[in-house]
Amino acid sequence: RFRMLITRHATIQFRSAYVHLAALGRGAGKAKPVTAHPQEQEGHDVKDIIKRLRKLGTGPLCDADKGNKHTSSTSDDPDLKKYKGLNLMDTDAMKLRHAPKQSGGVMIGVARTVQLPRPNDFLTVLSALTELSAGDVLVVNTGGSTKAVAGSLFTTEAMRRGVSGIVVDGPIRDVTELECFAYSTKVNPYAGTVQHVGEGVDTSSVQCAGITVNPGDIIFGDGDGVLCGSADTFSACLHDAEHIVAAEQRLMEGMKVGVSLHSMTNFDEHIAARKEGLESSLTFKDLRTVRFTGIDSIEVS
């Protein structure tokens with residue numbers, strides 16, 4: 001037995017080609033070689049990368065990254081082995097506190113890093129704000145602060161400057177009055193002091209929610225978490241992530257008109273193979289040429 005889709009006038013069969021379904025076991029994509037820090041790369045247009053990222057989410061990017069990491073670890077190609085991968089901030093620690101309504105739910109920008117010279121003193125953060133511009137994401141390591149280092153005034157000024165967001169390993173406050181994208185590991189209504197100048201912006205990499213963030217890295221955040229990586233790494237994920245989004249949209253279209261998710265994948269074959277201990281990947285059939293409008297699903301023996 002096999003499943004087909006028919007209309008009143010024609011029978012449409014899925015093409016025999018398969019595309020890996022990463023979120024449910026999608027296979028590996030092709031990694032592109034990683035070279036230098038994004039600030040030193042002339043081959044990548046960061047603005048173009050950010051433009052394409054706006055149509056994606058952390059899920060498809062992580063799926064693409066997972067495939068690239070698999071390819072990098074199993075390939076003998078020295079260029080593919082250079083793939084460093086995306087880094088995900090600890091999702092149990094780093095929480096989204098505010099997302100502007102007009103943002104589309106996605107924060108994307110270039111990392112500007114700040115290390116507090118002493119815990120609980122946010123003068124360095126306030127000073128950093130004067131150096132930020134449109135498209136920046138301020139990433140702050142508070143050195144174990146227990147008091148807030150940013151709040152509504154800071155984020156309102158950041159929004160005025162066109163800053164994409166702020167990501168703080170430590171506390172912020174005024175969560176109901178924040179303006180730009182704001183992530184933090186903690187919330188505390190008590191503010192810190194403003195006495196210690198510090199070393200300024202982008203003087204070093206910083207630790208943030210379990211990962212290292214370098215000045216000039218691309219930061220991508222949505223409701224599921226915050227990703228960080230070089231321009232090269234994000235560029236290597238774009239094609240696969242875009243394909244995943246397009247394919248999932250087609251799956252959604254099919255389910256909305258009554259076609260089951262399982263029938264649009266090799267689910268039965270995958271289950272049978274795994275029960276026998278055979279190597280298998282859960283994949284979906286290529287839906288790019290299929291129109292779901294007016295389609296009824298039937299079983300054909």
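1. The protein chain has six helices and 15 strands, where helices (H or I, at least four residues) and strands (E, at least two) are DSSP runs numbered from the N terminus. Please keep in mind that this is a predicted model, in which local features need pLDDT of at least 70, side-chain atom pairs count only at pLDDT 80 or more, and totals for chains, interfaces and linings use all residues. Residues are numbered from 1 along each chain as its sequence is written, and side-chain values use heavy atoms, with hydrogens and water left out.

2. A word on the chain as a whole. Of its 301 residues, 46% count as buried; buried means under 20% relative accessible area, exposed over 50%, and partly exposed in between (1.4 Å probe, protein chains only). Among the contacts (heavy atoms within 4.5 Å) with a separation of 6 or more, 75% are between residues 24 or more positions apart.

3. Two packed helices are described by the angle between their axes and the distance between the axes. For helix α2 (residues 58–74) and helix α5 (residues 231–256), the axes come within 8 Å and cross at roughly 120°. Axes here are lines fitted to C-alpha atoms, for helices over the stretch in contact, and angles run from 0 to 180 degrees between N-to-C directions. The two helices are therefore oblique to each other, given that angles under 35 degrees count as roughly parallel, over 145 as roughly antiparallel, 65 to 115 as roughly perpendicular and the rest as oblique. The crossing of α2 and α5 is right-handed; a crossing is left-handed if the near helix is turned anticlockwise from the far one by less than a right angle, and right-handed if clockwise.

4. Which residues of α2 and α5 make the contact? From α2 come Pro60, Leu61, Asp63, Ala64, Asp65 and Asn68, and from α5 come Phe234, Ala236, Cys237, Asp240, Ala241, Ile244 and Val245. These residues divide into nine nonpolar, one polar and three charged. In this scheme Ala, Val, Leu, Ile, Met, Phe, Trp, Tyr, Cys and Pro count as nonpolar, Asp, Glu, Lys and Arg as charged, and the others, Gly among them, as polar.

5. Helix α5 also meets helix α1. The axes of α1 and α5 come within 10 Å and cross at roughly 35°, and this crossing is left-handed. The contact is made by Val46, Ile49, Arg52 and Leu53 of α1 with Ala231, Phe234, Ser235, Leu238, His239 and Glu242 of α5. Six of the residues in the contact are nonpolar, two polar and two charged.

6. Take a look at Glu242 and Arg52, whose side chains meet in a salt bridge (2.8 Å, N to O). The pair links distant parts of the chain, with Glu242 in helix α5 and Arg52 in helix α1 (residues 46–53), 190 residues apart. Glu242 counts as partly exposed because its relative accessibility is 28%, and Arg52 is partly exposed at 30%. A salt bridge here is a side-chain nitrogen of Lys or Arg within 4 Å of a carboxyl oxygen of Asp or Glu, and by this rule the count comes to nine.

7. Arg112, Asp136 and Asp202 are linked in a network of salt bridges.

8. Strand β6 also holds Ile108, which is buried because its relative accessible area is 2%. Leaving aside neighbours within four places in sequence, Ile108 is in contact with Ile50, Leu53, Arg54, Gly135, Val137, Ser164, Ile218, Ile219 and Phe220. The C-alpha atoms of Ile108 and Phe220 are separated by 4.6 Å, although the two residues are 112 apart along the chain.

9. Two backbone angles deserve a quick check. Most residues other than glycine have a negative phi. Asn120, not a glycine, has a positive phi of about 70°; Asn120 lies in the loop between β6 and α3 (123–129) and is partly exposed at 21% relative accessibility. Ala209 has a positive phi of about 50°; Ala209 sits in the loop between β10 (206–208) and β11 (211–213) and is buried, with a relative accessible area of 8%.
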